[in-house]
Amino acid sequence: MDVSSLFRLDGRVALVTGGSRGIGRMIAEGFVASGAKVYVSSRRADACEATAAALGPNAMPLPHDVSTVEGCHALAADLAAREPRLDILVNNAGAAWGEPFERFPEKGWDKVMDLNVKSPFFLTQALHGLLKAAASAEQPAKVINITSIDGQRLNTWETYSYQASKAALIHLTRRMAARLVGDRIHVTSIAPGAFPSDMNKAARDHGGTVAQAIPARRIGGAEDMAGAAIFLASRAGDYLVGETVTVDGGLVNASLGASIDG
């Protein structure tokens with residue numbers, strides 16, 4: 001057993017949507033450090049270019065808006081013009097919307113569901129040919145959906161469409177895995193807990209307070225997210241199919257609830 005290469009991604013091509021900041025950037029940085037060639041994608045070209053420049057010559061900007069099916073197709077076509085195959089796809093681009101139940105708007109529902117559920121499906125569909133071109137029995141291609149612990153448990157925030165979308169994506173991960181495993185494409189997901197980002201401003205700006213509710217007593221760091229993603233993307237994670245890996249310091253699975261008898 002050659003454990004020195006177990007978590008390496010040398011020679012592999014990866015695409016990370018929402019890769020210019022937050023969790024996407026953490027994953028992109030980890031992939032580059034593990035030897036992959038990484039395309040960083042997001043809506044803003046300047047953000048993609050800045051992140052790619054910071055990550056080094058093995059990171060390339062590929063800005064596109066994947067909030068529509070047309071945008072997913074455009075990104076896939078742009079990548080196909082540059083690469084004959086895609087080893088790793090990370091569907092990380094996402095959105096959230098919080099508003100009281102009585103006022104929660106249709107646009108807050110549609111925007112979140114479209115980007116968080118519809119886009120991962122149609123981008124994977126559009127990249128199916130490139131993923132199949134990379135896949136083999138010895139080295140399956142990988143699709144990693146970024147879900148959330150909010151799809152596994154309730155929280156107090158009135159983010160109705162976000163919580164519904166992440167639960168849907170966890171189940172969609174299993175359904176896509178069942179179909180694509182026959183093509184030697186393994187689909188999994190990562191459900192992050194509290195990581196500092198523009199989407200999770202509480203963790204970003206008040207990490208010490210947020211950490212008090214987490215069994216591990218800290219919020220997540222870049223190494224935590226990169227490590228989970230590298231595990232799933234590398235040989236180390238080849239036997240995981242349809243699985244959701246919860247990376248949250250124990251909040252979902254190691255939190256003690258109130259006693260039934262008080």
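Biologist: Let's start with helix 1. Which of the residues of helix 1 are buried?

Modeller: Keep in mind that this is a predicted model. The buried ones in helix 1 are Ile23, Gly24, Met26, Ile27, Ala28, Gly30, Phe31 and Val32.

Biologist: And how many residues does helix 1 have, and what does it reach from first C-alpha to last?

Modeller: Helix 1 has 12 residues and reaches 17 Å between its first and last C-alpha, close to the 16 Å expected at 1.5 Å a residue. It covers residues 22–33, and helix 1 is followed by Gly35, which has a positive phi near 105°.

Biologist: Back to Phe31. What's its relative accessibility?

Modeller: It's 0%, so Phe31 counts as buried.

Biologist: Okay, strands. How many of the residues of strand 1 are buried?

Modeller: Five of the five, residues 13–17, so strand 1 is largely enclosed by the rest of the structure. Both of its faces are covered: Val13, Leu15 and Thr17 are buried on one side, Ala14 and Val16 on the other.

Biologist: Which strands does it pair with, and in what sense?

Modeller: Strand 1 runs parallel to strand 2 (residues 37–41), with five bridges joining the two. It also pairs with strand 4 (residues 88–91), again in the parallel sense, over three bridges. For specific partners, Val13 has Lys37 in strand 2, and Leu15 stands opposite Leu89 in strand 4.

Biologist: What unit do strand 1, helix 1 and strand 2 make?

Modeller: A β-α-β unit, and a right-handed one.

Biologist: Switching to charges. How many salt bridges are found in the whole structure?

Modeller: Nine. One of them joins Lys142 and Asp238, with N to O at 2.7 Å. That pair links distant parts of the chain: Lys142 is in strand 5 (residues 141–146), while Asp238 is in the loop between helix 9 (222–233) and strand 7 (244–247), 96 residues away.

Biologist: Are Lys142 and Asp238 buried or exposed?

Modeller: Both are buried. They also belong to a network of salt bridges that takes in Arg235.

Biologist: What about Arg85, what does it form a salt bridge with?

Modeller: Asp87, with the closest N and O atoms 3.1 Å apart.

Biologist: Where are Arg184 and Arg217 found?

Modeller: Arg184 is in the loop between helix 6 and strand 6 (185–192), and Arg217 is in the loop between helix 8 (207–211) and helix 9.

Biologist: Is each of them exposed or partly exposed?

Modeller: Arg184 is partly exposed, with a relative accessible area of 45%. Arg217 is exposed, at 56%, because the cut-off for exposed is over 50%.

Biologist: Last topic, the outside. Which residues form a nonpolar patch on the surface?

Modeller: Phe101, Trp109 and Tyr160, with about 330 Å² of accessible area together. Tyr160 lies in helix 6 (residues 160–180) and counts as partly exposed, at 32% relative accessibility.

Biologist: One more. Where's Pro63?

Modeller: In the loop between strand 3 (59–61) and helix 3 (69–80). Pro63 is partly exposed, at 29% relative accessibility.

Terms used:
Residues numbered from 1 in each chain as written. Predicted model: local features only at pLDDT ≥ 70, side-chain atom pairs only at ≥ 80, totals over all residues. Heavy atoms only, no water. Patch = residues over 30% accessible without salt bridge, like charges linked within 9 Å, V, L, I, M, F, W, Y side chains within 5 Å. Areas by Shrake-Rupley, 256 points an atom, 1.4 Å probe, with all protein chains shown as cover. Salt bridge = Lys/Arg side-chain N within 4 Å of Asp/Glu carboxyl O. Helix = DSSP H or I, 4+ residues; strand = E, 2+ residues; numbered from the N terminus. Buried < 20%, exposed > 50% of the residue type's maximum accessible area, 1.4 Å probe, protein only. Pairing = 2+ DSSP bridges. Right-handed = clockwise from strand over helix to strand, strands pointing away. Expected span 1.5 Å × (residues − 1).
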